[in-house]
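Me: I'd like to learn how to read a structure like this one, starting with its pockets. Can you walk me through it?

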Amino acid sequence: MSLPKGLAEDVSKNLVMVARLIDEDPEAAYAYSKIALRLASRVAAVREAAGFAAYANQKYSEALAEFRAARRMTGSVDLWPVMADCERGLGRPEKALEMAGAAEVHKLDKAGQVEMRLVAAGARRDMDQLDAAIVTLQSPELASNTVQPWTARLRYAYADALLAAGREGEAREWFAKAVESDKDGSTDASDRLAEMDGVEFVDAFVEDEDDSDTEIDAETEVDDEVEPQDDVSVVDELDDEDDDIEDEDDDEAAAETEEDVVKKDVVKEDVLLKEEDDDKN
């Protein structure tokens, strides 16, 4: 389906943002995919991009609906493995296994078939069928010494299944093989291998932060030692103010006493004058 030039450009810009952000910011990619859907929901590429954006955000029901729509529009089986994995995400591993045995799998290219094998093994593990999961992953692609885009993920899944089954020696061997083939760091095989070997990595930057925290704590302790001295000076000042108030009260009391004495003297003088006047009369 062709779109008008202006609309096609707007849709294209949103699809580019979906592809750019889907790994580092899935929520933002999902938002751009919704815009593209509103603009051109009848375009298969838009439905597929919306499906992968929903899948990256674990919105498996929505992702499955978009993948089915894209498949109806194109007739392609390329999305069959990820559709089966959506069934796993929805808690239906039996449905994923049913899809793994469908005729569509034979129409997939080698990469698609390996992806379908990974999904089927995951479904077996969902059903606590560890031995069956290990057997599912045993294939010519796993045994091949040729490194393909799927090799690291296939070896990693096999090692992880072996470890879950308690076969640690074999698991270590296959984690090591996964590391050898994982040139772009698509798995954390190196971390898993180091964990099995008891290697512990120390982040020097974290140590520096700890040292900084220690210095801050030391400064805080010094401040705490100084604060009581400040409190003592404040108490002393308050005591001095109380002493001043008491002195003022004493002065006022003394002043009141002097006034009383003067008043008594005046009264005495008045009495004497009256007696003198009476004698004269």
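Me: How do the residues of the lining of the second largest pocket divide into nonpolar, polar and charged?

Reply: The general idea is to sort the lining by residue class. This is a predicted model, and here the second largest pocket has six nonpolar, four polar and three charged residues in its lining. The pocket holds about 190 Å³ of space. Its lining counts 13 residues, and those closest to the centre are Ala100, Val105, Gln113, Met116 and Arg117.

Me: Which helix gives the most to the lining of the second largest pocket?

Reply: That's helix 7, with six residues.

Me: OK, on to the largest pocket. How much space lies in it?

Reply: About 710 Å³. Its lining takes in 24 residues, and Tyr55, Asp85, Glu115, Leu118 and Arg153 are the closest to the centre.

Me: Which helices each supply at least two residues of that lining?

Reply: Look for helix 3 (44-56), helix 5 (80-89), helix 7 (110-126) and helix 10 (151-164). Helix 7 has the largest share here, six residues. By class, the lining of the largest pocket splits into 13 nonpolar, three polar and eight charged residues.

Me: Let me pick one of those central residues. Where is Asp85 found?

Reply: Asp85 sits in helix 5.

Me: Is Asp85 buried or exposed, and why?

Reply: The way to read this is to compare relative accessibility with a cut-off: under 20% is buried. Asp85 comes out at 16%, so it counts as buried.

Me: And what is Asp85 in contact with, leaving aside neighbours within four places in sequence?

Reply: Two residues turn up on that basis: Tyr55 and Val119. Tyr55 is also among the residues closest to the centre of the largest pocket.

Me: Let's switch to rings. How many aromatic pairs does the structure hold?

Reply: Four. For each pair, read the distance between ring centres, then the angle between the planes. Take Phe52 and Phe67: the centres are 4.9 Å apart and the planes sit at 70°, so this one is edge-to-face.

Me: Which parts does the Phe52 and Phe67 pair tie together?

Reply: Phe52 belongs to helix 3 and Phe67 to helix 4 (residues 60-74), so the pair links parts 15 residues apart in sequence. Phe67 is at 0% relative accessibility and so counts as buried.

Me: How far apart are the ring centres of Tyr156 and Phe175, and at what angle are their planes?

Reply: The centres are 5.5 Å apart and the planes are at 70°, so Tyr156 and Phe175 make an edge-to-face pair. Tyr156 is in helix 10 and Phe175 in helix 11 (residues 168-181), so this pair ties together parts 19 residues apart in sequence. Tyr156 and Phe175 are both buried.

Me: Last one: what percentage of contacts between residues at least 6 apart in sequence joins residues at least 24 apart?

Reply: Here you sort contacts by sequence separation, and in this chain the figure is 49%.

Methods:
Residues are numbered from 1 along each chain as its sequence is written. This is a predicted model: local features need pLDDT of at least 70, side-chain atom pairs count only at pLDDT 80 or more; totals for chains, interfaces and linings use all residues. Side-chain values use heavy atoms; hydrogens and water are left out. Contact means heavy atoms within 4.5 Å. On a 1 Å grid over the protein atoms alone, a cavity is a set of points where a 1.4 Å probe fits but cannot get out, and a pocket is an open set with protein on both sides within 12 Å along at least five of seven lines; lining residues have an atom within 4 Å of a point. Grid points are joined across faces, edges and corners, and a volume is the space filled by probe spheres set on the points. Helices (H or I, at least four residues) and strands (E, at least two) are DSSP runs, numbered from the N terminus. Ala, Val, Leu, Ile, Met, Phe, Trp, Tyr, Cys and Pro count as nonpolar, Asp, Glu, Lys and Arg as charged, and the others, Gly among them, as polar. Buried means under 20% relative accessible area, exposed over 50%, partly exposed in between (1.4 Å probe, protein chains only). Rings of Phe, Tyr and Trp (its six-membered ring) pair if their centres lie within 6.5 Å; planes under 30 degrees apart count as stacked, over 60 as edge-to-face and the rest as tilted.
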